[in-house]
Amino acid sequence: MVMLAFTLFLLGMFLMNAHIGDLHQQDQSSFQNSHPCSLRFPLQVADCLTSGISSNTPHGKDKKHMLTVLASGRLGNQMFQYASLLGIAHKNQRVAFISSKLEIVRYFSGLYVDDRPLQGWQQVTEDQYAVCDPRMNGLPLANIKLHGFLQSWHYFTDITTEVRRAFQLKRPIQKQLKTFFHMHIRQSMKNITKNTRNVIKIGVHVRRADMLDPREQARGYECAPLSYLLKALQYMRSKFGGQSIFFVVSDDLEWCKKNLDGEDVQIVAAAAPVIHLGFLGMCDHVIMTVGTFGWWGAFLSGGHVVYYDGYPRHGSEMAKGFQSTDFFFPQWVPIGA
């Protein structure tokens, strides 16, 4: 009799727990259906602005505050501004979005876009363009528009996977890039005798055109010298052996053909900037020179990176707002002239 009662008790507990479990699953399903952001990256995307924020802000309140950036500059600059926007929004539990009018919106499919008016929004301006600003970790409880270049990996170091996902190229551009990339791979195989299975593809970004402008040089920009590039090439050859092919992406092809010629060097044909950026990202490793365009090519490659340590020019106006440890990842390798 006792055993029968005990058995009935266990059976009742089992049925009750199963019922509670069913209710829990129904609640979760209901929540996911009513909150389209809940299964995505913790930042609330623009098409989910009206559903609110699912977790508390650092101040302990569940607010619907939003965050955007007054982006400017060309492709590399806008990528920094967007990536940093995501990271800062993540830290502050805010809704993040950018304007559809920005150049990067034409290229990337993972961006959060909204064109709502910003009248009455509070503006927060960075102190220095390439130094991580600690104020960004605790923004005021208000709708905020960030102003500045935000060129520091510290802002988004916790969400690099989401940043890479954001910069997924749109399908037509992916198709064009794939054709362009494999055309150069096939061409390189004709010129050299290597085992194609073991070839290591190293992208080399050589930025020169705008760096030769006297006005830009007066501010602190300068071209990475040939001596640096030759050192960087030799460094990569020594590190990865004789199975490397260097693919040179540049806005000055004639200079590259004249100065960087070699059996293991392939000069990449002229193309749209986003195609050159994607090309660098498809390489195993990257040698960069100066500027943010090469920085993002190096980041997207996810491999070994070498950079010129003379950028910006020491003692210049640009150098005053630049901290190398905030701009370059610590695992990237500096090489001088």
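**Figure 1. Charged groups over phenylalanine rings.** The charged end of Arg 116 lies over the ring of Phe 97, at 6.0 Å from the ring centre. A charge sits over a ring when NZ of Lys or CZ of Arg is within 6 Å of the ring centre and within 35 degrees of the ring normal. Lys 239 likewise places its charged end over the ring of Phe 240, 5.9 Å from the centre. The model is predicted: local features need pLDDT of at least 70 and side-chain atom pairs count only at pLDDT 80 or more, whereas totals for chains, interfaces and linings use all residues. Residues are numbered from 1 along each chain as its sequence is written, and side-chain values use heavy atoms, with hydrogens and water left out.

**Figure 2. The aromatic pair Phe 80 and Phe 156.** Rings of Phe, Tyr and Trp (its six-membered ring) pair if their centres lie within 6.5 Å; planes under 30 degrees apart count as stacked, over 60 as edge-to-face and the rest as tilted. By this rule there are 33 aromatic pairs. The ring centres of Phe 80 and Phe 156 are 6.4 Å apart and the planes stand at 55°, so the pair is tilted. Phe 80 belongs to helix H2 (residues 75-92) and Phe 156 to the loop between strand E4 (144-147) and helix H3 (160-166), so the pair ties together parts 76 residues apart in sequence. Helices (H or I, at least four residues) and strands (E, at least two) are DSSP runs numbered from the N terminus. Both Phe 80 and Phe 156 are buried, where buried means under 20% relative accessible area, exposed over 50% and partly exposed in between (1.4 Å probe, protein chains only).

Figure 3. Six strands form an open sheet in the order E7-E6-E5-E8-E9-E10, with parallel pairing; two strands pair if DSSP finds at least two bridges between them. Strand E7 (265-267) and strand E10 (333-335) are the edge strands, each pairing on one side only. Neighbouring strands are turned against each other by 25° on average, direction ignored. Between strand E5 (residues 200-206) and strand E8 (residues 285-287), which run parallel, there are 3 bridges, and Gly 203 stands opposite Val 286 in E8. Helix H6 (residues 226-240) packs on the sheet, touching E5, strand E6 (244-250), E7, E8, strand E9 (305-308) and E10, and its direction makes about 160° with that of E8. Helix H8 (residues 273-282) lies across E5, E6 and E8 and runs at about 160° to E6. Axes are lines fitted to C-alpha atoms, for helices over the stretch in contact, and angles run from 0 to 180 degrees between N-to-C directions.

**Figure 4. Strand E1 and its partner E2.** Met 66 and Thr 68 point one way from strand E1 (residues 66-69), Leu 67 and Val 69 the other way, and all are buried. E1 runs parallel to strand E2 (residues 95-96), to which 2 bridges join it. Met 66 stands opposite Val 95 in E2.

**Figure 5. Surroundings of Phe 181.** Phe 181 lies in helix H4 (residues 171-191) and counts as buried at 4% relative accessibility. Leaving aside neighbours within four places in sequence, Phe 181 is in contact (heavy atoms within 4.5 Å) with Lys 201, Phe 279 and Met 282. The C-alpha atoms of Phe 181 and Leu 280, 99 residues apart along the chain, are separated by 9.6 Å.
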